Amino acid sequence: MTLSERDFFGDRFSECELRHLIGRRSPSDVFSWNSPSFRKLEISRESLSDDGLVAMMLDEPRFIRRPLVQVGDELIVGADIVALSRVLT
């Protein structure tokens with residue numbers, strides 16, 4: 001297995017890349033709702049559309065939940081130890 005790493009703060013995603021990575025998931029699944037930067041905005045979740053979430057993540061990478069680990073077609077979002085163990089062993 002080859003591992004590649006990307007600092008998406010320094011090498012930001014294009015909209016096409018981010019939408020491809022998200023795939024059929026909802027952008028809400030990869031949005032970092034607990035980010036202090038997001039909480040400071042005092043915006044309700046319900047007021048944001050999927051396109052709005054993508055735009056916010058493109059504008060501010062802190063809004064992308066980390067880590068993102070892609071193995072084949074599977075994207076693991078956040079520190080899901082069980083899922084990471086399953087795909088990395």
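A nonpolar core is a set of buried Ala, Val, Leu, Ile, Met, Phe, Trp, Tyr and Cys residues joined through side-chain atoms within 4.5 Å, where buried means under 20% relative accessible area, exposed over 50% and partly exposed in between (1.4 Å probe, protein chains only). The model is predicted, so that local features need pLDDT of at least 70 and side-chain atom pairs count only at pLDDT 80 or more, whereas totals for chains, interfaces and linings use all residues. Residues are numbered from 1 along each chain as its sequence is written, and side-chain values use heavy atoms, with hydrogens and water left out.

**View 1. The largest nonpolar core, with 17 residues.** Leu18, Phe31 and Met57 have the most contacts inside this core. At least two core residues come from each of α1, α3 (50–59) and β2 (74–77); helices (H or I, at least four residues) and strands (E, at least two) are DSSP runs, numbered from the N terminus. α3 supplies the largest share, 4 residues.

**View 2. Surroundings of Phe31.** Beyond neighbours within four places in sequence, Phe31 is in contact (heavy atoms within 4.5 Å) with Phe38, Leu53, Met56, Met57, Phe63 and Arg65.

**View 3. Ser35 in the loop between α1 (15–22) and α2 (36–41).** Ser35 counts as buried because its relative accessibility is 5%. With neighbours within four places in sequence set aside, Ser35 contacts Arg62 and Phe63.

View 4. Glu42 is exposed, at 74% relative accessible area.
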